[in-house]
Amino acid sequence: MLQHIRPERVELGMFVHGFVGSWFDHPFWRKKFLLESEDDLLKIRQSRVEAVIVDDERGAMPRPVPAASTVSLAAEHEPVRRLATQPNPIATRYTPPSVAAKNTGFKQEAKRAARIVEKSKKQVGAMFEAARMGQAIKVKDVAPLIDEIRESVERNNKALTNLVRLKSKDEYTYMHSVAVCALMINMARKLDLDDATIRNMGMAGLLHDLGKMAVPQMILDKTGRLTEEEFSTIRTHPERGHALIGDNPEIPDVARDVCLHHHEKIDGTGYPFGLAGDEISMAARMGAICDVYDAVTSNRPYKNPWTPCMALGRMGQWQGHFDERLMGVFINSMGLYPAGGLVRLNDHRLALIVDNCPEELMATRVLPFYCTSRMVEIKPQELIVVPDKGPQILGIERPDFWHFDDWAGLRQAVLAKAQGLSAAA
Ligand SMILES: [Fe+2]
Ligand SMILES: [Fe+2]
């Protein structure tokens, strides 16, 4: 039988069937498993999940406890009137980006990140050129760079990834590779992967588009519409990259995998093999997300990039492209709220995220539209939330928690209002 118990009641020997709560807070990649390790037990107990679903037929039975300490999931379905007077556990358990990002300041790290980017242009450029000439990739030449990128991401996870969004035509592939390396490392850290795996993920990000070296530069640089033939040539880059890596023993297998499979999609419509669902590894699914995010947010001479916030909002809505749970981890790893998301402010208002401010990633434009203390809709008025000053975002809210009659319609109306406001500005 499946039982919902609080994380602190979980014990070794129990069979974990799933987790209840914000998917951002799930401590594991695996969904169902027998709990045998002390480390895993600690992760669950320290996690922010609301409850753990255990299967007492496949593992140890939870010990009986007083009725008061069992989890009442039914509480989530009580009328909005009662819930509105209580703090929302999801909101209080989500770490707001403004708090999560307080390690090294964005501006402080941006200077160091700029030096790393300059260095990486030369090193990654040389590595890619060597591969083009048929020479083997020397891991020892780029390993220190991957460690430097990792250290920068650990000090501040936005500085370097924001910097590499700006790419000139001739350095696009190199800088895109550095960006995907940093994003993969950032995401791998969020997934609590071990040190060696984090490093390998960085290498995978750095090499994922190596096959572009085998595609004629004029096709890569073309700003107009690609012909069917040119498009087919570009689509060969995963296999070409895989062939360039070959059986080089210095390159981890995960890098081969990401190189070959980062354009596969969960619904089977990707390339080169049209793999679907579980046929695509976790690393390749991560690669797909990091790859697209950097591509759509990159500032290039011929296209308007999406802001990070906008990209997270839009990519989170795409059906069938990405692994949904990993997309949630990615959004959380970026420490930014996705555009269109519902949040609660600390002044008893609900708001929709409109966007982050382009030059100041920690400033977020929101549109408050609902007062939770009076439980009435209020006239949407744009507000810019900045850390430690004025109203603050408490966390992401689940729309179903608030039992809006027509959430989709309400959201659309509020966003339309936001567009009207920005058009009038
Ligand atoms: Fe690619
Ligand atoms: Fe790419």
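K121 has a relative accessibility of 25% and therefore counts as partly exposed, a class lying between buried (under 20% relative accessible area) and exposed (over 50%), as computed with a 1.4 Å probe on protein chains only. The structure is a predicted model, in which local features need pLDDT of at least 70, side-chain atom pairs count only at pLDDT 80 or more, and totals for chains, interfaces and linings use all residues. Residues are numbered from 1 along each chain as its sequence is written, chains are lettered from A and ligands numbered from 1 in the order in which they are written, and side-chain values rest on heavy atoms, with hydrogens and water left out.

**Iron ion (ligand 2)**

- H176 (NE2), H208 (NE2), D209 (OD) and D291 (OD) coordinate the iron ion (ligand 2) at 2.0 to 2.3 Å; donors are N, O and S atoms within 2.8 Å of the metal (3.2 Å for Na, K and Ca), and a site may look incomplete since water is not among the atoms.
- The arrangement around the iron ion (ligand 2) is irregular because its four donor atoms subtend angles of 79 to 174°.
- Four donors are called tetrahedral if all angles lie between 85 and 135 degrees; four are square planar, and six octahedral, if opposite donors are over 155 degrees apart and all others between 65 and 115; anything else is irregular.
- Along the sequence, the donor residues of the iron ion (ligand 2) have the spacing H-x31-H-D-x81-D.
- H208 is buried because its relative accessibility is 1%, and D209 is likewise buried, with a relative accessible area of 1%.

- The protein donors of the iron ion (ligand 1) are D209 (OD), H237 (NE2), H262 (NE2) and H263 (NE2), at 2.1 to 2.2 Å from the metal.
- The four donor atoms of the iron ion (ligand 1) make angles of 86 to 175°, and the site is irregular.
- The two iron ions, ligand 1 and ligand 2, are 3.5 Å apart, and D209 coordinates both.
- H237 lies in helix 12 (residues 237-245) and H262 in the loop between helix 13 (253-261) and helix 14, so the pair ties together parts that are 25 residues apart in sequence; helices (H or I, at least four residues) are DSSP runs numbered from the N terminus.
- The donors of the iron ion (ligand 1) are spaced D-x27-H-x24-H-H along the chain.
- H237 counts as buried because its relative accessibility is 1%, and H262 counts as buried at 2%.

**Salt bridges**

- The structure holds 21 salt bridges, each defined as a side-chain nitrogen of Lys or Arg within 4 Å of a carboxyl oxygen of Asp or Glu.
- R155 and E109 form one of them, with an N to O distance of 2.7 Å.
- This pair links distant parts of the chain, as R155 is in helix 6 (residues 139-155) and E109 in helix 5 (residues 106-132), 46 residues apart.
- E109 is buried, with a relative accessible area of 0%.
- A salt bridge also joins E171 and K121, whose closest N and O atoms are 3.5 Å apart.
- E171 sits in the loop between helix 7 (159-163) and helix 8, while K121 sits in helix 5, so that this pair too links distant parts of the chain, 50 residues apart.
- In this second pair, E171 is buried at a relative accessible area of 17%, whereas K121 is partly exposed at 25%.
- The side chains of R349 and D347 meet in a salt bridge at 2.7 Å, N to O; R349 is partly exposed at 23% relative accessibility, and D347 is partly exposed at 27%.
- R150, E154, R189 and D195 are joined into one network by salt bridges that share partners.

- S177 is found in helix 8 (residues 172-190) and is buried, with a relative accessible area of 0%.
- Neighbours within four places in sequence aside, S177 is in contact (heavy atoms within 4.5 Å) with F128, G205, L206 and H208.
- Helix 14 (residues 282-297) has 16 residues and reaches 23 Å from its first C-alpha to its last, close to the 22 Å expected at 1.5 Å a residue; the expected span is 1.5 Å times one less than the number of residues.
- Helix 14 is largely enclosed by the rest of the structure, because 15 of its 16 residues are buried.

**Cysteines**

- A search of the whole structure finds zero disulfides, a disulfide being a pair of cysteine sulfur atoms within 2.5 Å.
- C259 counts as buried at 0% relative accessibility, and C371 counts as buried at 8%.

Conventions. Helices (H or I, at least four residues) and strands (E, at least two) are DSSP runs, numbered from the N terminus.
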